Amino acid sequence: MSTPGPERVPSTVKVGKTTGQGKPPSGGSGAGKPGGSRPTGKGGKGGKGRKPVTPVKVSGGRNWGPIAVAGLVVVVAVGIIGWGVFASVKSDKDKAVPWEERAAAITGLVNYRETNPDLVKGSQHKSGVLKYEQSPPVAGEHNPSWENCNGVVYTEPIPNEHAVHSLEHGTVWIAYRPDLPADQVATLAAKVEGKEKAMMSPFPGLTNAVSLQAWGYQLKVDSVDDPRIDEFVKALRVNASIEGPTALCDRGVSVTGSTPQG
Amino acid sequence: MSATVSVDTPAPAPSRFSYWIPVALVLGLVLGVAIGFLVPHGESLPADDSAEAGFARDMTTHHTQAVEMGLIAYAQASDPEVRTMGVDIALNQQGQIGMMQAWLREWDLQPTGNQPAMAWMPDGAGAVINGLMPGMATPEEMKKLRETTGIEGDRLFLQMMIKHHLGGVHMAQEVAEVSKDKEVVEAAQLTINSQQREMTDMKTLQEKLGAAS
């Protein structure tokens, strides 16, 4: 370390550096002295009075050329990687449009969560017959028991007081006008069968052909073939649960008629 | 000032490195593209229409029915072993539902999406009959299970749950085959293991209790 070949010494422009750092280069004279500034090893010895040997030329540029190239390469590589990660994450995001946005895009959807926040608060258990502002109801107080709602096709009306509890658990309830022809009812049933958190029932007094309910949401349409029915089911089923996706839909009651069972 | 480094001979410097720059750039690009290809594929989250998301959603539905079947057995089976089997299956599968729903959250996805049931499986769509995935019981069968008590109910439960497990194992095998998500593949394998063991146990119980009429 302390004895570099005489030829190389000059290339050690570091002399200049040493001086730049503020330490008197004179200290370098102590050849092997450990106390000297870091570059002592090389520069210390030759740096002294070697100015005449000036083949310094390339050495200065040689240090910076590769560094610049390497730096550029790193920047380019990081850019490519960064773009790749960004693009993949972004494309995932694009595909999963939040359900609230998908719901908001449905023409004619009534969003009671916006207009009536008090109505959509959860956990309002109350036994017996209850009165609802909306028909069919979309939220509010309800009986402790929920109507069984895992893909259940009810052929008779079900009590509101249980159905509203099912809505709270994330169910989409398809209510239809009782006089709909059988084939139209079958069309609706195909949208319910096999789906958790989905149920349907006739609803006496309904003026539209179909009324869809989720907790705090309602959409009334005049045809069972209206594409908005599927949009409603896709956007709100389970997603609209205010008790999370694991709220229960079995173990409830399967009461029909208009009188709730508590 | 030993600023002697001055302008001595600037000419050789560029000529010496000029060919290195394009070479290094090309190398860097190749490296960058290679890494760029590896990184998103290895680390990106399953998309909304991925097999992983489809599996998590459909298996949740499939499991949900098994939970109900298990709870029916727990509530009303006459044979104590069948009752234990029922609650074991119900709680195990309910736990797995929670796990699968947690995946969806981690992947920034919602519990339900735009894809129809079983669309993630190669021949999935055709396997859905009346909205029911393989092995699932019809509403009529579920009604019958609720209404059948005594040893006949035990037999019916075993028959229906074995069929249900066969469908579930099939779905789990499919996702284990197509998915590269370590967590999903491991969980699918656990499902296969536990359901196959349970099927063995249920068949033993069938021998003890006799088959459903």
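Me: What makes residues 64–86 of chain A a "transmembrane region"?
Reply: That name comes from the UniProt annotation, in an unreviewed entry. UniProt positions are given here in the numbering used for this structure, feature names are shortened, and annotations may be inferred rather than shown by experiment. This is a predicted model, where local features need pLDDT of at least 70, side-chain atom pairs count only at pLDDT 80 or more, and totals for chains, interfaces and linings use all residues. Residues are numbered from 1 along each chain as its sequence is written, while chains are lettered from A and ligands numbered from 1 in the order in which they are written.

Me: How much of residues 64–86 of chain A is helix, and how much strand?
Reply: The stretch is 100% helix and 0% strand, with its end C-alpha atoms 32 Å apart.

Me: What makes a run a helix or a strand, and how many has chain A?
Reply: Both are DSSP runs, numbered from the N terminus: helices are H or I, at least four residues, and strands are E, at least two. By that rule chain A has eight helices and six strands. Their order from the N terminus is α-α-α-α-β-α-β-α-β-α-β-β-β-α.

Me: How many helices and strands has chain B?
Reply: Chain B has eight helices and zero strands, so its pattern along the sequence reads α-α-α-α-α-α-α-α under the DSSP rule.

Me: Why is a residue called buried, and what share of each chain is buried?
Reply: A residue is buried if 20 or more other C-beta atoms, placed from the backbone, lie within 10 Å of its own. Such residues make up 36% of the 262 in chain A and 38% of the 213 in chain B.

Definitions and conventions:
Buried ≥ 20, exposed ≤ 12 C-beta atoms within 10 Å, placed from the backbone.
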